[in-house]
Amino acid sequence: MKTLTRYRTFNTQRRCEFINITDYVSEAVRDSSIQEGMVLVSAMHITSGVWVNDAEDGLLADIEEWLDKLAPKADYRHHKTGASNGDSHLKSLLVHHQVILPITKGRIDLGPWQQVYYAEFDGCRPKRLIVKVMGE
Amino acid sequence: MKTLTRYRTFNTQRRCEFINITDYVSEAVRDSSIQEGMVLVSAMHITSGVWVNDAEDGLLADIEEWLDKLAPKADYRHHKTGASNGDSHLKSLLVHHQVILPITKGRIDLGPWQQVYYAEFDGCRPKRLIVKVMGE
Amino acid sequence: MKTLTRYRTFNTQRRCEFINITDYVSEAVRDSSIQEGMVLVSAMHITSGVWVNDAEDGLLADIEEWLDKLAPKADYRHHKTGASNGDSHLKSLLVHHQVILPITKGRIDLGPWQQVYYAEFDGCRPKRLIVKVMGE
């Protein structure tokens, strides 16, 4: 069994930003030389998400608007700590903070439209992501 | 370390359909001869989901109605591409497109009521699922 | 490849309760002697969740209130079976019932604020959780 671990730091310009990281994950898988296994892609912060979906700008804007409806900016109890990102925590819970991708014949085994996204919900500061490849 | 990979194609009759795939996943685990490990069950499309929950028809109807409330059919920006399935993408994000099940003593290690479901949100065409078993 | 499997039973005093299990998972990882790998933390019931987020009481209360809004107690079809926990099933789907944590140098590789929670949505009776460590 082999593993490879990589960390990537994001520092987005906007509070909410969705970044296509499919190539970054593919590169880690290739560099691992693992032929069969899985790769975990997981945010290391509690106000970020990771998902697999479409690379279509209209849909990305739809997702942002929709998440703002389901987990709106509001006056949360959490803000008594001085924080102002209650909605970002809820958005992270909603979309989940991680995915695990299958590796087959040395490549991430995605369907035709599947792209991996890092979703920043409270950016403008350094946030880390871990990619761990595991297999043989 | 051993792995086994299977693909299954669904072509549902209705746009939205929930299919119990517990036996299919169990069979893949049995055929892999893996005693201890994990099995990833992951939709290969961006308008489908996979979850673990109850095999109870009333609840399945509740889930469908509830998802239509949280991620309604509507006029999304995504539809400018010619698509009409914006709600299906959001539903996929909401329920997540994958689960990973533990394997213990050669079987998927589920609780008493846990059943694995493939959730189609934009059917009536071929859609694939990947099952990857990994362990020893 | 090595694995270690543990089960923990919860029997909460309240119907809805969120329990920090980070130390419990860390202990399982330490006892496994696995240096590089992954640990699956998964509820074995269909009315519970597992998530990674903040250990902050205000936020936990926010999450409970928010989940009650998105998946309210109501008169579900599921209740025709005699059950009264339709909302608990929907909450479980919403937050997901599992996470998978990376293990690096013998420890769970979490970000600065990441804590692992078991979320009970239908308690006051025994419910199980599985922790499966896998790696080398």
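Predicted model: local features only at pLDDT ≥ 70, side-chain atom pairs only at ≥ 80, totals over all residues.

**Strands, chains and charges**

Me: Let's start with chain A. How many bridges join strand E4 to E7(A)?

Reply: Six bridges join strand E4 (residues 48-53) of chain A to E7(A), and the two run antiparallel. One place to look is A:Val50, whose bridge partner in E7(A) is A:Tyr118. Strands here are DSSP runs of E with at least two residues, helices are runs of H or I with at least four, and both are numbered from the N terminus. Two strands pair if DSSP finds at least two bridges between them.

Me: OK, back to E7(A). Which sense does E2 of chain A pair with it in, parallel or antiparallel?

Reply: Antiparallel: E2 (residues 17-20) and E7(A) share four bridges. A:Glu17 stands opposite A:Glu120 there.

Me: And is E7 of chain A mostly covered or mostly open?

Reply: Mostly covered, with five of the six residues in 115-120 buried. Buried means under 20% relative accessible area, exposed over 50%, and partly exposed in between (1.4 Å probe, protein chains only).

Me: What about the sheet in chain B? What order do the strands come in?

Reply: The order is E1-E8-E3-E5-E6, five strands in an open sheet with antiparallel pairing. E1 (2-10) and E6 (107-108) of chain B stand at the edges with a single partner strand each, so one side of each has no neighbour in the sheet. Within that sheet, E3 (residues 37-43) and E8 (residues 127-135) of chain B are joined by seven bridges, and B:Ala43 sits opposite B:Leu129.

Me: How much area do A and B bury between them?

Reply: About 2,800 Å², 65% of it on carbon and sulfur atoms. Buried area is the accessible area (1.4 Å probe) that two parts lose on being put together, summed over both. On the chain A side, A:Met38, A:Asp62 and A:Trp66 lose the most area to chain B, together 23% of what that side buries. Also, 36 residues of chain A are in contact (heavy atoms within 4.5 Å) with 28 residues of chain B.

Me: How many salt bridges are there between those two chains?

Reply: Three, where a salt bridge is a side-chain nitrogen of Lys or Arg within 4 Å of a carboxyl oxygen of Asp or Glu. One links B:Lys132 and A:Glu36 at 2.6 Å, N to O. B:Arg77 also forms one with A:Glu65, the closest N and O atoms being 2.6 Å apart. B:Arg77 lies in the loop between helix H2 (57-70) and helix H3 (86-95) of chain B and A:Glu65 in helix H2 of chain A, so the pair joins two chains.

Me: Are those two buried or partly exposed?

Reply: Partly exposed: B:Arg77 has 32% relative accessibility, and A:Glu65 has 41%.

Me: Last one, C:Thr12. Where is it?

Reply: C:Thr12 is in the loop between strands E1 (2-10) and E2 (17-20) of chain C. With 6% relative accessibility, C:Thr12 counts as buried. Leaving out residues up to four places away in sequence, C:Thr12 touches C:Glu17, C:Ile19, C:Glu120, C:Gly123 and C:Cys124. C:Lys127 is 115 residues away from C:Thr12 in sequence, yet 8.8 Å away in space, C-alpha to C-alpha.

How values were computed: Residues numbered from 1 in each chain as written. Chains lettered and ligands numbered in written order. Heavy atoms only, no water.
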